[in-house]
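Subject: The structure we talked about

Hi there,

Here is the structure I promised to pass on. Have a look at it first, and then read on for my notes.

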Amino acid sequence: MRALLLFRIAVCFTLFTLTSVAYAETYGDPLHYQLPKPVPIARTSTEVSRSSGPVSSSKVNINTADAATLDKRLKGVGAAKAKAIVDYRNAHGPFQAIDELIEVKGIGPAILEKNSDVLTIN
């Protein structure tokens, strides 16, 4: 009787072990989870330059700044809007007031408000 009990225990243990190994080979070992390694996020050079902090604490003169300066220094202004500001200035003459910047296509009150502390016409 005791031998039969030991035999049944051995069979159950063997079946359990074989089943566990088959499960682990098929689905991965549930007791040894491996967390995925974090994937580094590639940033473009524009994002790096804009996220590295303020370029300078001085103000931007919208009557003398070139498109590259406007693109780098003004929030919400990319290359196209910076070129539009320079083109407007060349066509209509120097800005008489900072609020006149709203007349440029693509520049709205939100962009003007974001950059009000940086803009100057002097």
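**What I found**

Going along the sequence, the protein chain runs α-α-β-α-α-α-β, with 5 helices and 2 strands in it. Please keep in mind that this is a predicted model.

Some overall numbers to begin with. The protein chain has 122 residues, and 21% of them count as buried. Its accessible surface comes to about 9600 Å², with 63% of that belonging to carbon and sulfur atoms. Among contacts with a separation of 6 or more, 47% are between residues 24 or more positions apart.

Now to the inside. In soluble globular proteins, nonpolar side chains tend to be buried together. Here the largest nonpolar core has 18 residues, and those touching the most other members are Leu70, Val77, Ile85, Phe95, Leu101, Val104 and Ile107. Helices H4 and H5 each supply at least two residues of this core, and H4 gives the most, with 4 residues.

Setting aside neighbours within four places in sequence, Phe95 is in contact with Ile62, Asn63, Ile85, Tyr88, Arg89, Glu100, Leu101, Val104 and Ile121. One of these partners, Tyr88, also forms an aromatic pair with Phe95, and the structure holds 1 such pair. The two rings are stacked, at 5.6 Å centre to centre and with 20 degrees between the planes. Both Tyr88 and Phe95 are buried.

Asn63 is another contact of Phe95. It sits in the loop between strand E1 (60–61) and helix H3 (67–73). Is Asn63 buried or exposed? Its relative accessibility is 18%, so Asn63 counts as buried. Not counting residues up to four places away in sequence, Asn63 touches Arg89, Pro94, Phe95 and Ile121. Asn63 and Val86 are 23 residues apart in sequence, and their C-alpha atoms are 8.4 Å apart in space.

Helix H4 also has something to show in its charged side chains. Lys83 and Asp87 meet there in a salt bridge, 2.9 Å from N to O, and the count for the structure comes to 1 salt bridge. The two residues are 4 apart in helix H4, so about one helical turn separates them. Asp87 is partly exposed, with a relative accessible area of 36%.

Further along is Gly106, in the loop between helix H4 (79–92) and helix H5 (109–114). Gly106 has a relative accessible area of 41%, so this residue is partly exposed. Beyond its neighbours within four places in sequence, Gly106 is in contact with Lys81 and Ile111. Gly106 and Ala82 are 24 residues apart in sequence, with 9.7 Å between them in space, C-alpha to C-alpha.

Last, the surface. Which residues form a nonpolar patch there? They are Leu4, Phe7 and Val11, and together they have about 280 Å² of accessible area. Phe7 belongs to helix H1 (residues 2–27). With 55% relative accessibility, Phe7 is over the 50% cut-off and so counts as exposed.

If you open the model, I would go to the stacked pair of Tyr88 and Phe95 and then to the patch of Leu4, Phe7 and Val11.

Best wishes

Methods
Residues are numbered from 1 along each chain as its sequence is written. This is a predicted model: local features need pLDDT of at least 70, side-chain atom pairs count only at pLDDT 80 or more; totals for chains, interfaces and linings use all residues. Side-chain values use heavy atoms; hydrogens and water are left out. Rings of Phe, Tyr and Trp (its six-membered ring) pair if their centres lie within 6.5 Å; planes under 30 degrees apart count as stacked, over 60 as edge-to-face and the rest as tilted. Buried means under 20% relative accessible area, exposed over 50%, partly exposed in between (1.4 Å probe, protein chains only). Contact means heavy atoms within 4.5 Å. Patches are made of residues with over 30% relative accessible area and no salt bridge: like charges are joined within 9 Å, nonpolar side chains (Val, Leu, Ile, Met, Phe, Trp, Tyr) within 5 Å. Accessible areas come from the Shrake-Rupley method with a 1.4 Å probe; for residues, only the protein chains shown count as cover. A salt bridge is a side-chain nitrogen of Lys or Arg within 4 Å of a carboxyl oxygen of Asp or Glu. A nonpolar core is a set of buried Ala, Val, Leu, Ile, Met, Phe, Trp, Tyr and Cys residues joined through side-chain atoms within 4.5 Å.
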